[in-house]
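Please view the sequence and the structure below before reading on.

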Amino acid sequence: MSSLSTKSGNLEFDEASQKELAKFLEGENSKMRLQQSIHTFTDLCWDKCVTKISNKIDRVKRLEETRNKL
């Protein structure tokens, strides 16, 4: 169980609470680093692989127009 006390308006945690908080923050920092890596790789892959979005959309439009004419 965690223990919290205040002295002079500052929060002070007991040793078990400090360890629990440190473990939580370490986990959150790991999640943040993973999300940053995913974001970086997504940007890299997007820029490398997706060069002409409009061409594919144009082909789909032309195909639909051709189908409508038939």
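## Cysteines

The sulfur of Cys45 lies 5.6 Å from the closest cysteine sulfur, that of Cys49, which is too far for a bond. A disulfide is a covalent bond between the sulfur atoms of two cysteines. Here the term is applied to a pair of cysteine sulfur atoms within 2.5 Å, and a search of the whole structure returns zero disulfides.

Cys45 is partly exposed, at a relative accessible area of 45%. Cys49, at 62% relative accessibility, counts as exposed.

## Basis of the model

Residues are numbered from 1 along each chain as its sequence is written, and side-chain values use heavy atoms, with hydrogens and water left out. Because the model is predicted, local features need pLDDT of at least 70 and side-chain atom pairs count only at pLDDT 80 or more, while totals for chains, interfaces and linings use all residues.

The predictor's confidence in each residue is given as pLDDT, from 0 to 100. The chain averages a pLDDT of 81, and 73% of the residues score at least 70. Among the elements of the chain, α1 has the highest mean pLDDT (93), whereas strand β1 (residues 4-7) has the lowest (60). Where pLDDT is low, the predicted coordinates should not be read in detail.

## Overall architecture

The chain has two helices and two strands, where helices (H or I, at least four residues) and strands (E, at least two) are DSSP runs numbered from the N terminus. Read from the N terminus, the order of the elements is β-β-α-α.

Of the 70 residues of the chain, 1% count as buried. The accessible surface of the chain comes to about 7,000 Å², and 56% of this area belongs to carbon and sulfur atoms. Accessible areas come from the Shrake-Rupley method with a 1.4 Å probe; for residues, only the protein chains shown count as cover.

Side chains of opposite charge can pair when their charged atoms come close. With a salt bridge taken as a side-chain nitrogen of Lys or Arg within 4 Å of a carboxyl oxygen of Asp or Glu, the whole structure contains two salt bridges.

Lys19 and Glu15 form a salt bridge through their side chains (3.4 Å, N to O). Both residues lie in helix α1, four residues apart, about one turn of the helix, and both Lys19 and Glu15 are exposed. Glu28 and Lys31 also meet in a salt bridge (3.2 Å, N to O); these two residues of helix α1 are three residues apart, about one turn of the helix. Glu28 is partly exposed, at 33% relative accessibility, while Lys31 is exposed, with a relative accessible area of 51%.

## Nonpolar surface patch

Leu11, Phe13, Leu21, Phe24 and Leu25 make a nonpolar surface patch of about 470 Å². Patches are made of residues with over 30% relative accessible area and no salt bridge: like charges are joined within 9 Å, and nonpolar side chains (Val, Leu, Ile, Met, Phe, Trp, Tyr) within 5 Å.

Both β2 (10-13) and α1 (15-49) supply at least two residues of the nonpolar patch, with α1 giving the most, three residues. Leu21 is placed in helix α1 and counts as partly exposed, at 38% relative accessibility.

Notes: Buried < 20%, exposed > 50% of the residue type's maximum accessible area, 1.4 Å probe, protein only.
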